[in-house]
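I opened the notebook to write down, entry by entry, what I looked up in this structure. I began with single residues and then went on to a place where chains meet.

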Amino acid sequence: MSDDAKIYGLLAEFAGPDELVRGAREVSKAGYRRVETYTPFAVEGISDALHFRPFAVAVIFLVAALLSASAGYFMQYYASVISYPENIGGRPLNSWPSFVPITFEMGVLGGVLGGVLGMLLLNRLPRYSHPVANVERFRAASSDAFFLCVESSDPRFELDRTKAALRHSGAIQVTEVPLES
Amino acid sequence: MLRLSPLSSMKSLPLPPQVQIDAGGPRFWKSLEEWSQSPDFLPYLHREFPEYASAWDNGMSRRRFLKLMAASFALAGLTSCSRQPQEKIVPYVRRPEEIIPGKPLYYATTFSHRGYGKGVLVRTEMGRPTKIEGNPDHPASLGATDVFMQASILGLYDPDRSQTIRQGNDISTRDAFTQFVGARIEAHEQDQGAGLFLLTGKTTSPTLADQLQRLHERFPKLSWCSYEPAAPVRAQSILGHDAEPVYDLSKADIIVSLDADFLLDGPANLVLTKAFSKKRRDPAADFNRLYVIESAPSITGAKADVRWRRKPSEVITFTQQLAAAIAQGVAGDSPEIRQLANDLQQHRGRGVIIAGDYQPEVVHALAFQLNQTLGNIGSTVTYQEAQQTPIPTTSLPDFVTALKRRAASTLLIAGANPIYDLSPAWGFSNAMARVTHSIHLGLYDDETGSRCHWHVPGSHYLEAWGDILAIDGTPSLLQPVIEPLYPDAVSLVEVISLLVDLPPKKGYEIVREFWQRSLAADVPAAWELSLNKGVVAGLSPQALSPTPVVSVRDAPPEDLPNSSDLEILFRPDTAVDDGRFANNAWLQELPRPLTKLTWDNVAMISLATAKSMGVTTGDVVRLEAAGQSVDAPVWIQPGHADGCVSVTLGYGRSQLGEVANGVGFNAGLLRSSVAAWSQALTRAQATGARLELASTQHHFSMEGRDLIQIETLADYKTDPSQAQENQPNPPPEENLYPPFAYKDYAWAMSIDLNTCVGCNACVVACQSENNIPVVGKDQVFKGREMHWIRIDRYFEGEPEDPAMHFQPVTCMQCEDAPCEVVCPVGATVHTSEGLNDMVYNRCVGTRYCSNNCPYKVRRFNFLEYSDATHPTLALQKNPDVTVRSRGVMEKCTYCVQRIESARIDAQKEMRPIRDGEIVTACQAACPADAIVFGNINDPASRVSRLKALPRNYGLLADLNTHPRTTYLAKVTNPPTAI
Amino acid sequence: MDSTASETAPILPPDLTDDSITERITGIVVKRKMGYGWIGGFAIAFALLMMFNYAIAVLFTYGVGIWGIQVPVAWGFAIVNFVWWVGIGHAGTFISAVLYLCHQEWRTSINRFTESMTLFAVACAGLFPILHLGRPWLFFYLMPYPNTMELWPQFRSPLVWDVFAVTTYAIVSVIFYFVGLLPDLATLRDRSPHRWQRIIYGILALGWRGAGRQWSRYKMAYLIMAGLATPLVVSVHSIVSLDFAVGIVPGWHTTIMPFYFVAAALESGFAMGLILIIPVRHFYGLKDIITGRHLANMAKLLLATSLVVGHGYFTDTFMSWYSADPYDKFITADKFTGSYAFGGWMLMILDVGVVQLIWIRAVRQSPIALFFIAILANVGLWLDHFILVVQSLHSDYLPSEWRMFYGTKWDWMTLFGSFGLFLTLFFVFIRIFPMVAMSEMRGLVHKKPGETKEAGA
Amino acid sequence: MAQLFPPSVDLYAKIVILGIGVFLVGGTYSFYLLNRSPYWTNVGVTLDQPVPFSHQHHAGELGIDCRFCHASVATSSYAGMPDTQTCMTCHSQIWKDAPMLEPVRRSYAENKPIKWNRVNEMPGYVYFNHSIHINKGVGCSSCHGRVDEMPITWKATDMTMGWCLSCHRHPEPNLRPLSAVYQMDWTTPKDPHTGQTWAVERNIQKDHLTDCSACHR
């Protein structure tokens with residue numbers, strides 16, 4: 001429909017986290033896929049309701065950690081065996097026990113840096129402006145309001161039917177999200 | 001084996017009751033104060049270490065510190081990211097023939113001290129003298145040096161040297177002075193020199209003697225007095241002639257020292273040390289035995305196999321008893337005398353009795369008699385006629401009375417400092433005040449100089465022409481190795497020349513002309529040779545005239561103080577001598593051999609005496625003697641004789657220089673005469689004040705650790721390797737790491753604890769070779785002295801009368817060095833030849849290496865210690881060694897600069913480095929040849945052979961550091977009876 | 001005392017709602033006026049900080065010689081302070097990471113405190129290794145970077161390990177802190193009254209909107225970070241302890257070091273946590289959010305760690321006797337009988353003895369008592385490091401080189417000055433960031449009473 | 001009302017973040033380059049000298065041997081800067097009154113040295129010895145470049161520690177027949193073995209060359 005294009009989606013507010021989870025389940029049962037919830041804290045069950053698993057983050061952490069750990073060891077090996085081999089107190093050039101601590105630290109550092117950056121990127125952060133914020137009431141989403149938004153780009157999205165579906169799923173209030181404020 | 005570990009010796013101690021009460025289990029004694037826990041000592045328990053109050057502030061307010069600050073401001077904010085400033089190259093206009101830029105040159109000249117000469121070789125770098133070495137061709141040096149010779153190089157550059165001629169309070173000129181002297185000559189032509197007074201130190205210069213004779217011919221009535229504040233006593237009045245003993249210790253199996261510190265003091269110390277140590281090098285071969293009877297502990301006493309402490313008067317009675325025992329063969333009731341007499345009787349002709357230079361005449365006479373009756377004269381000792389003075393001299397007292405009689409109109413003082421040396425009782429200053437024209441010639445415008453109408457800067461011996469005799473009479477030349485730093489500076493011969501020559505001559509002409517007359521036929525050649533060798537060629541030392549046997553009258557009734565009295569004895573200081581070196585910072589900061597004290601002189605007493613006086617180390621006491629009194633800090637010294645106080649001369653300077661002024665007290669004030677070396681002490685009472693004393697070693701005992709391995713000769717003969725077997729914790733055999741291969745060379749060092757006499761020569765030699773800074777009393781007090789080689793001193797046995805041991809400790813150059821592993825920037829790493837390199841320019845100063853060094857030989861520049869404020873001092877620096885800046889760690893490098901230059905020479909000739917080609921600074925200086933350096937990859941090298949000896953052991957080898965420097969165990973030779 | 005003061009108080013007041021939390025916590029930051037108490041406290045802290053700067057200026061001008069260090073005691077206050085501050089920096093991450101993994105919900109009220117404490121403590125700690133250098137302007141020689149000298153750090157040295165460990169710890173702590181802060185920043189963005197506040201917080205919040213998918217990735221990341229931070233906490237102080245354990249100095253060269261260093265670190269951390277939280281909850285009326293139960297739990301952890309430390313002392317002493325190593329035996333005997341005996345005994349009394357009072361319920365429930373016990377414990381732990389560093393060094397192998405160490409006034413100024421830095425940062429923190437992790441609190445609020453686990457140590 | 005940030009902000013945000021990234025990487029790299037640039041190392045930088053002395057003319061065109069002026073190069077650590085007398089040996093005969101040489105004549109007359117600006121500069125803690133390099137067959141041009149082509153002398157190599165090490169680790173390629181040491185246009189032979197054989201027969205201690213104390217004392 002033509003008028004659907006003008007709005008970003010429908011923002012439904014729910015009374016509390018449990019209502020939200022229930023609502024989310026129903027909405028996705030109804031076959032909506034481009035659905036997102038907005039909550040002041042991590043509400044348990046949402047990701048199940050939205051059929052979402054954050055594996056990617058875990059993988060990024062692992063890979064980053066392993067890479068930077070091995071880089072850490074190689075750095076030490078290169079410095080003390082290849083670049084400038086020196087007799088230090090009669091120790092072997094590749095005194096690997098001495099190289100363990102730094103290898104470990106590098107692993108942790110790389111893992112955390114990579115993982116967190118990955119998490120932010122996957123979350124498309126930083127993103128300072130977002131259509132849902134065009135709804136004045138949305139400001140409460142960061143303190144005590146629980147929202148669910150069905151985006152207009154969803155194939156099944158039809159303004160009135162979706163509105164009805166949302167109300168039916170327990171939303172206490174449904175507002176249209178304009179694209180431009 | 002009888003060897004006492006401190007622990008077991010403590011068990012054997014009669015401990016004071018307080019100690020026994022709280023003594024749970026075995027007790028170490030940490031320091032004397034702790035050991036003697038009587039109520040009046042308890043407050044001072046912590047005094048083993050410096051006090052807190054003084055350590056609170058960093059002493060920035062103190063004088064020397066300010067100097068450092070000024071320098072460090074210059075470096076503040078230095079970063080490594082700055083580009084280098086544009087440098088200039090300044091080539092010669094006309095390059096002198098002999099100088100190749102970058103290559104050092106060596107010149108032979110002679111260091112003169114108390115009127116006698118010791119030959120030296122001076123290294124000059126593009127015209128500036130930087131290092132003193134001994135002259136092997138000179139009979140009084142034999143290639144070795146003592147602390148004074150080493151430190152004299154710093155004296156040359158001393159910024160406090162006087163630089164211009166002064167008349168009254170105005171700067172004057174050479175011409176003005178010459179005219180003035182001319183006028184004086186005319187005046188004295190009339191009175192034939194009756195009003196001409198000449199006061200000098202002792203001198204044996206042939207040229208000067210010749211000049212004096214000519215002077216005497218010109219002014220027959222002139223009076224000349226020459227004195228030394230530290231002149232040896234001779235038995236002239238008793239023996240009827242001035243007999244100069246010359247000892248040959250290479251023949252002596254039994255050596256008896258009657259309070260003679262012959263290893264450290266006197267014009268023959270180097271010769272005697274060499275001979276003495278030669279007979280202690282190989283326990284398997286002949287091995288001498290040393291008896292020492294002394295009041296204040298000396299290094300000679302420390303080397304003694306049998307040491308008896310006696311106060312001065314008792315030394316005399318002891319000698320008398322011994323003489324009696326030997327003469328009448330009646331063994332007295334004292335076991336010591338009997339024991340010693342036997343030993344001497346058994347070694348007739350192979351023993352020697354050495355009377356201390358500072359003993360009264362009677363002791364010398366008796367020593368002469370003993371040597372005579374024991375048939376030692378001619379073998380171990382010869383008496384030679386002492387140098388006859390060229391012209392009649394006036395004794396000091398007569399001289400002073402003459403001055404007082406207003407007879408003087410002209411007084412020339414050179415090389416003497418009566419105002420400082422003599423106590424006010426002499427009234428020398430008012431005598432001087434009456435003189436109409438007084439002239440002072442000296443390196444410094446000192447206490448005496450400032451009272452003279454004229455002061456003429458004297459030239460340093462490295463700047464002047466001259467000549468001098470060695471103790472055995474061998475003449476040698478002084479040649480300048482640098483143009484006088486200050487053009488006004490003149491030498492004594494040049495000043496005398498003003499009086500006797502018309503026109504006056506330069507030093508070179510004077511000396512050259514004298515030898516022109518006295519040298520062998522081919523003068524130019526002989527002259528060249530003499531300059532080159534440092535010893536006047538073609539002259540054999542004058543034959544010793546064996547003196548006729550003289551019977552000694554029974555010792556005259558000496559007015560000995562009765563035994564209960566407190567006595568005081570004076571000695572020249574082991575570092576600043578009679579005060580002439582008081583402004584030499586190296587010597588001021590040189591830890592004294594037995595006290596490890598720096599920057600001060602003290603009133604040294606025994607523990608018992610301290611208890612009876614109710615004082616402890618650091619308490620200031622007022623000493624009164626000969627109508628004078630001085631305030632002196634007490635120092636309790638193990639092994640000091642009871643009932644006497646020993647003080648050293650040379651301190652309490654008021655007008656010498658920045659370094660010397662206000663340091664210590666002037667003990668000379670208490671002397672009744674310049675020949676008085678011991679006398680009764682009127683009173684000594686605590687003032688209640690305290691003085692912080694900066695000692696570099698606070699701990700006395702070895703804590704039962706196996707640091708110095710000691711065994712008796714008897715034990716050694718039964719089982720040479722006993723010392724190692726008795727180690728409490730032997731070194732582990734296995735090593736976790738695969739050994740590194742040292743292909744070409746493996747540098748190593750061996751230090752023989754048996755021959756080392758602890759004379760400190762190595763310490764100063766190292767300091768001058770390696771640009772080691774002086775840090776000042778406050779910093780030493782905080783424990784920041786910088787010496788790369790230190791001589792550890794330990795006491796073993798009873799605190800009252802312990803055995804004393806020396807152990808020179810340098811960087812051990814460990815093969816598995818703990819310091820290297822912990823350095824985060826690789827500023828200290830191992831070389832392919834086993835050196836433990838210290839890379840100053842990489843060091844960031846974490847000081848971790850120092851913590852991890854079990855030998856604590858690393859030194860840190862806590863502040864900007866290298867003196868940037870005095871330009872002349874920069875001239876002394878060795879250009880082959882980096883001058884370390886603030887915040888950098890440093891340590892002994894085995895004189896790597898010498899290794900590298902030797903390597904480069906060898907490599908140019910495409911040959912390996914020869915054994916003995918590299919001589920480290922400490923090794924070169926050592927008069928006992930206790931230090932040997934070389935390549936242990938070469939089994940034939942000297943060091944390899946020494947390390948193969950059974951006595952060889954590594955310090956703290958149980959830590960598996962594999963030190964490259966190892967020690968040869970100490971072997972003592974006590975008589976079986978004791 | 002009211003119910004919240006007892007150690008059995010619920011970890012949350014029953015009447016708490018999303019809105020009330022948000023209102024109270026954000027209120028402190030964005031609405032509350034600066035009180036005189038805050039200004040006074042800040043002034044004192046800032047004065048100390050200025051003294052710190054002065055001492056450092058003098059230090060850089062003259063060199064480390066202004067301190068009391070010498071040979072053999074070449075390490076002094078700088079290292080002691082470093083070790084002590086790093087230790088304090090440990091409790092924060094421990095509470096947020098380890099307790100998080102253990103689902104100790106009571107941590108939620110205090111983890112923001114302790115995390116910020118961590119950051120500031122590490123900031124202080126990080127300064128000292130550089131101040132301690134003889135040539136601080138060359139500190140970068142310890143970092144690996146390609147240079148024209150073709151030289152690298154010497155990676156066998158524990159000091160280089162320190163550089164990596166402490167840097168990693170600092171960076172990870174900051175990230176951990178920021179990630180935890182992200183949702184609360186969003187809250188501040190939306191709740192601040194003034195536009196400029198909203199813009200500033202808005203920029204920091206990176207546009208966080210609490211979308212479901214964001215939340216689940218966020219939780220995953222937070223969980224893994226906690227998992228990584230836990231071994232990190234242990235490793236960091238273990239590595240610091242290796243500075244000593246790797247050395248051959250008798251008294252340092254023992255395998256117990258990492259174990260008891262970590263324990264000591266946590267003890268000092270929990271102690272410092274109490275020192276900070278007790279006054280703050282009082283002055284900002286958070287007694288119902290940070291209840292007596294939280295304090296009691298902290299206290300119990302303090303007690304537990306102090307016992308571990310005590311065990312460390314015992315083992316250390318026992319081993320030195322058992323090893324029969326003469327040098328180690330001597331240094332241990334000297335610790336209790338020698339020149340430093342006072343410190344040797346005092347540190348045990350303070351960081352183990354006094355802490356045992358926590359066994360008493362009354363003490364556990366009295367914030368005042370806990371406050372002072374915590375202070376004494378921290379003094380004791382500083383002494384502990386002092387004795388470890390100084391007393392071990394002052395008489396090691398060669399008696400000829402034994403010496404006493406005395407701190408100069410500059411030593412003390414750098415020590416107390418570092419408090420200035422720490423407190424200044426902390427005063428600023430309570431004004432600009434929420435003291436309690438609001439988003440997590442909300443999570444707790446909505447837990448069914450049954451779900452809330454029994455917290456306790 | 002409008003939300004806090006308009007959509008454009010996101011663009012700016014991305015630009016800023018990118019900018020920070022570029023600054024960090026680029027800044028580091030440019031510092032890396034700076035340290036190796038002539039600005040830092042003075043390679044190829046000419047300094048104005050009291051006398052515009054031309055090695056090109058003297059060493060190149062006239063073919064005067066290096067040792068004529070740098071006399072101690074084979075015997076001492078210091079190559080030796082010619083004293084004024086050396087200059088005057090020739091210039092008292094030729095170019096007697098060339099205004100260019102006025103400083104030289106003045107120096108000779110007034111006995112005041114000529115103050116040259118140092119071109120090849122070593123830090124004080126580096127102990128470089130010319131003689132050993134000459135005697136082991138390291139040619140002048142290996143470090144100083146083709147001075148015979150320099151009208152005004154400049155620094156030919158950066159003389160960083162890394163540069164020193166490159167040769168101290170593998171001296172072979174920089175060795176020559178001892179006869180060719182002073183030869184400017186010498187080129188290393190293709191065959192690597194020649195260098196190795198020289199290294200062996202001149203008994204060069206390769207292990208020692210990378211010891212710290214070989215250069216720092």
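Does Leu66(A) count as buried or exposed, and what is its relative accessibility? Before answering I noted that I am working with a predicted model. I looked up Leu66(A) and found a relative accessibility of 55%, so Leu66(A) counts as exposed, because the cut-off for that word is over 50%.

Entry on the surroundings of Leu66(A). I located Leu66(A) in helix H3 of chain A, which covers residues 55-83. I then found that Leu66(A), with Val59(A), Leu62(A), Val63(A) and Leu67(A), makes a nonpolar surface patch of about 490 Å².

Entry on Gln214(C). Leaving aside the neighbours within four places in sequence, I listed the contacts of Gln214(C) as Asn123(A) and Leu125(A) from chain A, with Trp208(C) and Arg209(C) from chain C.

Entry on helix H9 of chain D. I looked up this helix, residues 161-169, and noted that Gly162(D), Leu165(D), Cys167(D), His168(D) and Arg169(D) are buried in it. I also asked what these buried residues of H9(D) pack against. The partners I found are H3 of chain A and, from chain D, helix H7 (130-135) and helix H11 (206-209).

Entry on chain D and chain C. I noted first that the size of an interface is often given as the accessible area lost when the parts come together. For chain D and chain C I read about 950 Å² buried between them, with 63% of it on carbon and sulfur atoms. On the side of chain D, the residues that lose the most area to chain C are Leu4(D), Phe5(D) and Met161(D), together 50% of what that side buries. The contact takes 11 residues from chain D and 13 residues from chain C.

Entry on polar links across this interface. I found one salt bridge by the rule, and I noted that the side chains of Glu150(C) and Arg169(D) meet in a salt bridge at 2.7 Å, N to O. I counted two residue pairs in polar contact between chain D and chain C. Last, I recorded that H9(D) gives the most to the side of chain D that touches chain C, with four residues.

Definitions and conventions
Residues are numbered from 1 along each chain as its sequence is written. Chains are lettered from A and ligands numbered from 1 in the order in which they are written. This is a predicted model: local features need pLDDT of at least 70, side-chain atom pairs count only at pLDDT 80 or more; totals for chains, interfaces and linings use all residues. Side-chain values use heavy atoms; hydrogens and water are left out. Contact means heavy atoms within 4.5 Å. Patches are made of residues with over 30% relative accessible area and no salt bridge: like charges are joined within 9 Å, nonpolar side chains (Val, Leu, Ile, Met, Phe, Trp, Tyr) within 5 Å. Accessible areas come from the Shrake-Rupley method with a 1.4 Å probe; for residues, only the protein chains shown count as cover. A salt bridge is a side-chain nitrogen of Lys or Arg within 4 Å of a carboxyl oxygen of Asp or Glu. Helices (H or I, at least four residues) and strands (E, at least two) are DSSP runs, numbered from the N terminus. Buried means under 20% relative accessible area, exposed over 50%, partly exposed in between (1.4 Å probe, protein chains only). Buried area is the accessible area (1.4 Å probe) that two parts lose on being put together, summed over both. A polar contact is a pair of N or O atoms within 3.5 Å; within protein, one must be able to donate a hydrogen and the other to accept it, and residues adjacent in sequence count only if both atoms are side-chain atoms.
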